[in-house]
Amino acid sequence: MTEDMKTRRRFLRQAGLAALGVFAVAGARRAAAASDPKGLFAGQFLEDGHVVNIPAGHYDREQMLFVEEATGRPMVAQSQQMTGSWTYSDTTRCTNMFYPNNGAPTCAAYDSDQDSHPDGFKPGE
């Protein structure tokens with residue numbers, strides 16, 4: 001074997017080992033990131049979320065607020081980030097009544113509205 005062939009083989013072996021090392025490091029990093037819960041898509045469901053402890057209370061119709069049982073103060077005033085749930089209700093009305101020859105009324109056209117109310121309480125109820 002000539003000296004040029006030995007040099008070329010040594011160069012190719014070193015280049016191959018360097019490429020193998022680069023791929024091994026990249027694979028190890030990817031495996032470490034996948035095993036971390038933050039690297040998973042479902043990782044957000046594995047960790048504890050932001051927990052808000054809401055004290056016992058009731059809805060006061062005069063103040064239109066939730067009032068804490070122990071102190072009688074409104075709960076919303078204590079936490080500016082506290083939000084309630086919104087309830088949506090659909091109301092459907094007949095807008096065009098049809099009276100055929102037999103006299104039985106039949107609705108020919110309907111109209112619907114969607115109302116939203118905070119915390120499940122419909123205004124006026």
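A salt bridge is defined here as a side-chain nitrogen of Lys or Arg within 4 Å of a carboxyl oxygen of Asp or Glu. In assigning charge, Lys and Arg count as positive and Asp and Glu as negative, whereas His and the chain ends are not counted. The structure is a predicted model, in which local features need pLDDT of at least 70 and side-chain atom pairs count only at pLDDT 80 or more, while totals for chains, interfaces and linings use all residues. Residues are numbered from 1 along each chain as its sequence is written, and side-chain values use heavy atoms, with hydrogens and water left out.

The secondary structure of the chain comprises 2 helices and 4 strands, these being DSSP runs numbered from the N terminus (helices H or I, at least four residues; strands E, at least two). Their order from the N terminus is α-α-β-β-β-β. Of the 125 residues, 6% count as buried, where buried denotes under 20% relative accessible area, exposed over 50%, and partly exposed the range in between (1.4 Å probe, protein chains only). The accessible surface of the chain amounts to about 10800 Å², and 56% of it belongs to carbon and sulfur atoms; the areas come from the Shrake-Rupley method with a 1.4 Å probe, and for residues only the protein chains shown count as cover. Among contacts (heavy atoms within 4.5 Å) in the chain with a separation of 6 or more, 30% are accounted for by residues 24 or more positions apart.

Strands β1 (residues 57-60) and β2 (residues 65-68) run antiparallel and are joined by 4 bridges; pairing requires that DSSP find at least two bridges between two strands. Gly57 stands opposite Glu68 in β2, and the bridge partner of Asp60 in β2 is Leu65. The hairpin has 4 residues between its strands, and Met64 in this hairpin adopts a positive phi near 55 degrees. Phe66, located in strand β2, counts as partly exposed because its relative accessibility is 25%. The C-alpha atoms of Phe66 and Ala56 are separated by 9.6 Å, the two residues being 10 residues apart along the chain.

Asp60, in strand β1, is buried yet has no salt bridge, the nearest side chain of opposite charge being that of Arg61 at 7.8 Å. The side chain of Asp60 does reach the backbone nitrogen of Glu62 at 3.4 Å. With residues up to four places away in sequence not counted, Asp60 touches Leu65 and Val67.

Arg93 forms one with Asp111, with the closest N and O atoms 3.5 Å apart. This pair links distant parts of the chain, since Arg93 lies in strand β3 and Asp111 in strand β4, 18 residues apart. The side chains of Arg93 and Asp113 also meet in a salt bridge, at 3.0 Å from N to O. Asp113 belongs to strand β4 and Arg93 to strand β3, so this pair ties together parts that are 20 residues apart in sequence. Through shared partners, the salt bridges join Arg93, Asp111 and Asp113 into one network. Each of these residues counts as partly exposed, with relative accessibilities of 37% for Arg93, 34% for Asp111 and 33% for Asp113.

Ala104 occupies the loop between β3 (86-98) and β4 (106-118). Its relative accessibility of 37% places Ala104 in the partly exposed class.

How values were computed. Polar contact = N/O pair within 3.5 Å; in protein donor to acceptor, adjacent residues only side chain to side chain.
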